[in-house]
Each structure stands twice: as structure tokens, then as C-alpha cells.
Amino acid sequence: MILLAFLILSAICCSYALVRGGSPERLTAGVFLAGTFASIMISIHAPPPPEGFQSSIFLVDLAMLIALGAIMLFARRYWPMAITACQLLAVMGHVIRLLDPQIVPVLYWISTAFWAVPQMLFLAAATARHRSRLRRHGVDPAWSRRPAVDHAG
């Protein structure tokens, strides 16, 4: 039931971003859809190993972290930082399980899967803000030419 609720939330948020978002929102929705699809396919075809660490799901989450990090570096938006931070927390949940296999399974699940819900909500809010900026200003620049860096010295 929880998986179904998440899939419905994902479908709504990602569809909204794909149809109404700017290119960073659409690209992020694509990353989420690809990650969700890959995770489901892995779960169907490769049941979790007895020790509980899901290396294939870890690799999917790590690939998503890299993709979201790249979006964060080049998008002219603040929300990718929050989404990337959530993804980093999910990846760290896998690392914790790898370092301590005795962690309670439900805590492993929460530490890796929980963060997907706030990510979807951030994406929906980001898409709504994009639409708002378009209405107000007529334009909403999406990308920087260079990655965001602190020049404060």
C-alpha cells in the first residue's frame, strides 16, 4: 500500500514537472522516473540478499545522486540543493547499512526510501514556483554557463 501511494505521488509530481516545468524540473523528473523504474525492475528480478544490503539499489541511488548533483551545479534554482541533499541522505543510509549490517531493517528502509517523498514534494513546489516566475516576469532562466561556486574568497 505504501509503494502504491508513493507511485501515485511520483506519477503526479513527475507528470506535473514534465508538462509544466522548465528544463531543470523536467530533467529532474526524468531522473526520478528512471531511478524509480530501475529500482522496481531490480526489486522484481533480484530479491534482496540475505545480509540485507541492496547493492544494486545503492548503485541506482548513487547514479541519481550524481545526476541530481550535476543539475544542482548548473541550474539557476535553489531547490536542487534540497533534492540533492535528500538523495545524499538516502545514499548515506546504504553506507550505514554496509558499515553496520545489524541495523534494524525498518531503519534501513526509512533511511533510504523516506527521502523520496520530500523530493517529490520539492519537485512539485519547484514546478509551481517556475510557473509563477513565468507569469510574473515572462521568462525564467534555467541554466548557468558555469557551475555555482562561491567567489567570496
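**A pocket and the cysteines in a predicted model**

Let me begin with confidence, since what we have here is a predicted model: the mean pLDDT of the chain is 91, and 93% of its residues reach 70 or more. Within the chain, α6 has the highest confidence, at a mean of 97, whereas α5 has the lowest, at 86.

Turning to the pockets, the largest one has a volume of about 860 Å³, and its lining is made up of 30 residues, among which Leu 3, Phe 6, Ser 39, Trp 109 and Ala 113 are those that lie nearest the centre. Two or more lining residues come from each of α1 (2–20), α2 (23–45), α3 (55–74), α4 (79–99), α5 (105–113) and α6 (116–137), and of the elements it is α2 that contributes the most, with six residues.

My last topic is the cysteines, where a search of the whole structure finds zero disulfides. Cys 13 is in none, and the nearest cysteine sulfur to its own, that of Cys 14, is 6.9 Å away; Cys 13 counts as buried because its relative accessibility is 4%, under the 20% cut-off. Cys 86 is likewise in no disulfide, the nearest cysteine sulfur being that of Cys 13, at 13 Å, and with a relative accessible area of 6% Cys 86 is buried as well.

Notes
Residues numbered from 1 in each chain as written. Predicted model: local features only at pLDDT ≥ 70, side-chain atom pairs only at ≥ 80, totals over all residues. Heavy atoms only, no water. 1 Å grid on protein atoms, 1.4 Å probe; cavity = no way out; pocket = protein on both sides within 12 Å on 5 of 7 lines; lining within 4 Å. Points joined across faces, edges and corners; volume = space filled by probe spheres on them. Helix = DSSP H or I, 4+ residues; strand = E, 2+ residues; numbered from the N terminus. pLDDT = per-residue confidence, 0-100. Disulfide = S-S within 2.5 Å. Buried < 20%, exposed > 50% of the residue type's maximum accessible area, 1.4 Å probe, protein only.
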